[in-house]
Structures are given as C-alpha cells and as structure tokens.
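Please work through the exercises below with the structure open beside you, and try each task before reading its solution.

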Amino acid sequence: MTTDEVLAGVGPRLRQMRKEREVTLAALSETTGISVSTLSRLESGLRKPSLELLLPIARAHQVALDELVGAPPAGDPRVRSKPIEMFGRTHWPLTRQPGGLQAYKVLEPQRRQEPDPRTHEGYEWLYVLSGKLRLVLGEHDVVLTAGEAAEFDTRVPHWFGSTGEGPVEFLSLFGPQGERMHVRARPRRS
C-alpha cells in the first residue's frame, strides 16, 4: 500500500471512529483544539492529515496513531535465519537488517587456542549463556561465566574463545563498524 493510499483512507476512518463513539465535530474540536472546519475537511479528504492534527485526535479517541491511519499490520517479527559457520564457530543471526546494531548467538566448541588479539572499528557487547568464555582485552585476560557480560571498544586489541574446558554459548552484539571486522593493527609481540 502506498503512502497516498494510506492517507486517502484516513478521512473515512476518522469519521467512522468519531461516529462510533457518538462524538460531534464540535465536541471533538473542543477536546483537540482543532477547528470544526479543519476536522470536517480531514474527514472528507479535502485536507491532508498531518501529525500535528492526528496526534490530538488519537489522544481524544484514546487510540494509537497506527489505528487512526490504518497502518498495515507488522509482519512476522520472528527472525528465521540459518546458522553460519565462521572461524570454527556457529553463529545464529538474531537481526535481519544489515547495518545498525547486529546480534548473534554464538556456539564456540571446546578447543584450546592461542589468543591472537585483533582490533577494528566499533564497540562490542558479549553475554555468556552457558559455559566459560575467555576474553583477552588489552592487558586483561578474564574468564566470563554464564550470566556475565562484557562490553568494550573494539579498537582495543581483543580476542575471545573457549577456555578449553568445554563449549561456550554466548550472545554478541556490535555496531555497524564491527560488521567489517577489518584488521587495523596487531599488538606487537614482545
């Protein structure tokens, strides 16, 4: 449905809503502060609806703005994505749209790895669902357990993975810069 089609349906919807509630144009004008002639033109489609006019009408009828404009119902909000295998881990995307904040559920198998900290633009947030997650962040080397979270600027050299004691399941959220995950610099080995 186009914007023009949605807007064309607003007038008749406004009239029907007002009549169902047995409210006169004069009474609605008093409640909203919008003149009777403006309300009449809105209902007849002679005046294009605007937020400035629709918000007080929605408040007067105690309905959501979506109901006034007849916004199409939102689609199924569930994210149905296939798991992605990357770097020996299984990632389940929890967001659909590219760009903006990205969320993943990640399963890291039990394995011992030598940390190889990297940097890239962005900010990351981790939340451990089960198991133990080793996080090397700058000079810190910590183990997060179920229910613990960490957040950090990804320009700080970082690495995370299994402690080697079992698999770990965690949530990972990062901003648009984190999608690129390009290597800016590696810390020097002493």
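**Exercise 1.** Determine how many bridges join strand 2 to strand 3, and in which direction the two run.

*Solution.* Begin with strand 3, which covers residues 102–108 and is joined to strand 2 by 4 bridges, the two running antiparallel; strands here are DSSP runs (E, at least two residues), numbered from the N terminus, and two strands pair if DSSP finds at least two bridges between them. Next, locate H91, which stands opposite V106 in strand 3. The model is predicted, so local features need pLDDT of at least 70 and side-chain atom pairs count only at pLDDT 80 or more, while totals for chains, interfaces and linings use all residues. Residues are numbered from 1 along each chain as its sequence is written, and side-chain values use heavy atoms, with hydrogens and water left out.

**Exercise 2.** Work out the strand order of the open sheet of 6 strands, and identify its edge strands.

*Solution.* The order reads 1-2-3-9-4-7, with antiparallel pairing. Strand 1 and strand 7 (149–153) are the edge strands, because each pairs on one side only.

**Exercise 3.** Find the partners of strand 5 (residues 132–137) in strand 6 and strand 8.

*Solution.* Take strand 6 (residues 140–145) to begin with: 6 bridges join it to strand 5 in an antiparallel arrangement, and K132 has T145 as its bridge partner. These two strands form a hairpin with 2 residues between them, and G138 in the turn has a positive phi of about 60°. Then turn to strand 8 (residues 158–162), which also runs antiparallel to strand 5 and is joined to it by 5 bridges, with F160 as the bridge partner of L135.
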